[in-house]
Amino acid sequence: MLTSPHVGVSVADPVIDRLVDDLWLAHAEIDLSARSEPLRGAAYRYAARLAEVAQGELADASALRGPQVQFFDAAYDDMWPGQRRAAGDSLTPR
C-alpha cells in the first residue's frame, strides 16, 4: 500500500512531478487512440487516482482497484468488442 506521511501537504518533488507529467502524457495517448467513450472516461478516472496517490493526496492506494478494473475492462472492450474475457483472467501480473 502506498501511503504518504504528507497527505494533503503540497510538497514540490521534481521526481514525482515528472512521473505525474508522464502519466498525463500516457493518458493523452490513450485518449487520442481510444475508439470508445467508456475507455476515455475510465482512462481519465484511473489516471486521476494514480496522480492523487503519487502526489500524496490520496492516502489509501486500495482506492486504485476499482478504477483499475474499470480501465482494463474498458480497454478490453475497446480492443475486442463483443468478446468476453475468459473466466479466471486476472489483472494481477504473473
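Contacts of Leu-23. Beyond four places in sequence, Leu-23 is in contact with Ala-47, Leu-50 and Ala-51. In this predicted model, Leu-23 belongs to helix 1. Although Leu-23 and Ala-51 are 28 residues apart along the chain, a distance of 7.6 Å separates their C-alpha atoms.

**View 1. Helix 1 and its start.** Helix 1 comprises 20 residues, covering residues 14-33. From the first C-alpha to the last, helix 1 reaches 29 Å, close to the 28 Å expected at 1.5 Å a residue. At the start of helix 1, the backbone nitrogen of Val-15 has a side-chain oxygen of Asp-13 within 3.0 Å.

**View 2. Packing of helix 2 against helix 3.** Helix 2 spans residues 37-54 and helix 3 spans residues 65-79; their axes lie 8 Å apart at an angle of about 150 degrees. Because angles over 145 degrees count as roughly antiparallel, helix 2 and helix 3 are roughly antiparallel to each other. Their crossing is left-handed. Helix 2 contributes Pro-38, Leu-39, Ala-42, Ala-43, Arg-45, Tyr-46 and Arg-49 to the contact. From helix 3, the contact residues are Pro-67, Gln-68, Gln-70, Phe-71, Ala-74, Ala-75 and Asp-78.

**View 3. Residues 1-9 and model confidence.** Over residues 1-9, pLDDT stays under 50. The model has 13 contacts beyond four places in sequence for residues 1-9. Where pLDDT is low, predicted coordinates should not be read in detail. For the protein chain, the mean pLDDT is 83, with 80% of its residues reaching 70 or more.

Methods: Residues are numbered from 1 along each chain as its sequence is written. Side-chain values use heavy atoms; hydrogens and water are left out. Helices (H or I, at least four residues) and strands (E, at least two) are DSSP runs, numbered from the N terminus. The expected span of a helix is 1.5 Å times one less than its number of residues. A polar contact is a pair of N or O atoms within 3.5 Å; within protein, one must be able to donate a hydrogen and the other to accept it, and residues adjacent in sequence count only if both atoms are side-chain atoms. pLDDT is the predictor's confidence in each residue, from 0 to 100. Contact means heavy atoms within 4.5 Å. Axes are lines fitted to C-alpha atoms, for helices over the stretch in contact, and angles run from 0 to 180 degrees between N-to-C directions. Angles under 35 degrees count as roughly parallel, over 145 as roughly antiparallel, 65 to 115 as roughly perpendicular and the rest as oblique. A crossing is left-handed if the near helix is turned anticlockwise from the far one by less than a right angle, and right-handed if clockwise.
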